[in-house]
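Could you look over this model with me before we talk? I've jotted down some points to go through with the structure open.

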Amino acid sequence: MKSQIFAFLIVSTVVLPCSLCARISSSSSHASFRSFNVVDYGAHGNSQIDDSKAFLKAWKSVCDASENAATLVIPKGKTFMLQPISFQGPCKPTKINIKLEGTVIAPKKFDGWKWSSDDNEKDAWITFSNIRGLVINGGGKFDGQGASWWDCKKCNRPTALRFHGCGNLDLNSLNHINSPRSHISINQCNHSKISNLRISAPKESPNTDGIDISASSNILITASTITTGDDCIAINGGSSFINVSSIHCGPGHGISIGSLGKNGAYETAQEIRVQNCNFSRTTNGARIKTWKGGSGYAKNIIFDNIIMDAVDIPVIIDQQYKTDDIKVKKVKDDKAVKVSDVTFLKVRGTSTSEDPVQLNCDAIGCTNINLEGIDITSTNGEKTRASCKNVQGICSSCTPNVPCLSSQNNLTIINKFL
């Protein structure tokens, strides 16, 4: 009997500390993570009442949280209307997650937008600035309700989402529709990832780029569908080490490097790879565009394994972008953004144009432009051709043939950039 009691006491003393350890571990886990729901801060989510103040109150709690990680919850089943708003850092948590499960909408009419007195630029609906480690996901939707803006030709249309100085940004599993202008602007956001996005606006909507990148490096954009009225993705000045893959683009204006050099500016873009992408009924496919009179360079760029379906101009370098512009006509002919070390590899499919490959370079020329495995036919069965001016490089296994480029049957030069 004594041995049974002694055994029971041993078991009891073993079990008790283990359950206590579990409670301590759970408490410790909660101490490093905290969640904040916008509804708890007074957000209505009825699509009519302005919820901006409630969102800013919740954001203050998130940004000031003492935990290592904090989450702002925008719950499912509700639609929150926000006026132009800015979420600013730096914040105390090293990681902030905005869990967008519901829908966030802009005011329906452009004259219903209420700008804050300190917003002089009035160029964005929702701004995130100086927030490191920001993650936005959750499967919810941003709706910029841009239709009324598109019809206003004199209006300075705003971007929907602008990210500035947000290093290690992660955008994934989101829906984004109908921005007044560009849907997403990425500026000075190094080491960031954008994936599993669905971005859409009517093909007639003006300047509704999907994703614009500028002054950023080490960016990955992947596994997304973008259908808009302008560039699906535009990689602008100051961008480097950009990797774009598995994008379905169209309708829209394709994936563009640039435009670069507007108003005589010095701009650069380099170390860019666009691969395994599909273009459907876009006006352009793989494009580089620079303004006459600008300066700088676009170099070390690869478009690899690209499928075209009824694209107007699948392959295009335009070093004289918008030369019909009055300001552009006045610039000196000897100045242009230098374009070099560009590879178009395994670009194939169909084009609505008889001239699907257009390499239009300025007097300074485009150098080391290499085309390999190009196979583009016409949607109507007519013979296709290529046009080129002031271009130096190599064409291997190209349909149509590019007459101003040298022919070569191997990948020696192209492989230098892979």
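1. Ground rules. This is a predicted model, so local features need pLDDT of at least 70 and side-chain atom pairs count only at pLDDT 80 or more, while totals for chains, interfaces and linings use all residues. Residues are numbered from 1 along each chain as its sequence is written, and side-chain values use heavy atoms, with hydrogens and water left out.

2. The sheet. Have a look at the open sheet of 11 strands, which pair in parallel in the order S5-S8-S11-S13-S15-S17-S19-S21-S23-S25-S27. At the edges stand S5 and S27, each with a single partner strand, so one side of each has no neighbour in the sheet. From one strand to the next the twist averages 15 degrees. On terms: strands (E, at least two residues) and helices (H or I, at least four) are DSSP runs numbered from the N terminus, and two strands pair if DSSP finds at least two bridges between them.

3. Strand S17 (residues 233-235) runs parallel to S19, and three bridges link the two. One detail to click on: Ala234 has Ser256 in S19 as its bridge partner.

4. Disulfides overall. There are six of them, taking a disulfide as a pair of cysteine sulfur atoms within 2.5 Å. With bonded cysteines counted along the chain, the pattern reads 1-2, 3-4, 5-6, 7-8, 9-12, 10-11.

5. Cys63 to Cys91. The sulfur atoms of this disulfide sit 2.0 Å apart. The torsion about the S-S bond of Cys63 and Cys91 is about -100 degrees, so this one is left-handed. Cys63 belongs to helix H2 (residues 52-63) and Cys91 to the loop between S5 and S6, so the bond ties together parts 28 residues apart in sequence. Cys63 is buried at 7% relative accessible area, and Cys91 also counts as buried, at 19%. The cut-offs here: buried is under 20% relative accessible area, exposed is over 50% and partly exposed is in between (1.4 Å probe, protein chains only).

6. Cys388 lies in strand S27 (residues 386-389) and forms a disulfide with Cys404, sulfur to sulfur 2.1 Å. Cys404 is in the loop between strand S28 (391-399) and strand S29 (406-407), so the bond joins parts that are 16 residues apart in sequence. Cys388 is partly exposed at 23%, and Cys404 is partly exposed at 31%. Beyond four places away in sequence, Cys388 touches Leu359, Val402, Pro403 and Cys404, a contact being heavy atoms within 4.5 Å. Cys395 and Cys398 are joined by a disulfide as well, at 2.3 Å S to S, and both of these cysteines are buried.

7. Cys166 is buried, with 0% relative accessible area. Cys277 is in no disulfide either, and the nearest cysteine sulfur, in Cys249, is 8.3 Å away. Cys277 counts as buried too, at 0%.

8. The annotated site. UniProt lists His253 for "active site", in an unreviewed entry; such annotations may be inferred rather than shown by experiment, and the positions are given in the numbering used here. His253 lies in the loop between strand S18 (239-249) and strand S19 (255-260) and is partly exposed at 24%. Leaving out residues up to four places away, its contacts are Gly229, Asp230, Asp231, Thr283, Asn284 and Arg287. The backbone oxygen of Gly229 is 3.3 Å from a polar atom of the His253 side chain.

9. Most peptide bonds are trans, and most residues other than glycine have a negative phi. Here, the bond from Gly250 to Pro251 is cis, with omega near 0 degrees, and Pro251 is in the loop between S18 and S19. Gly89 and Pro90 are also joined by a cis bond, omega about 5 degrees. Lys346, in strand S24 (residues 338-351), has a positive phi of about 55 degrees.

Notes. A polar contact is a pair of N or O atoms within 3.5 Å; within protein, one must be able to donate a hydrogen and the other to accept it, and residues adjacent in sequence count only if both atoms are side-chain atoms. Axes are lines fitted to C-alpha atoms, for helices over the stretch in contact, and angles run from 0 to 180 degrees between N-to-C directions.
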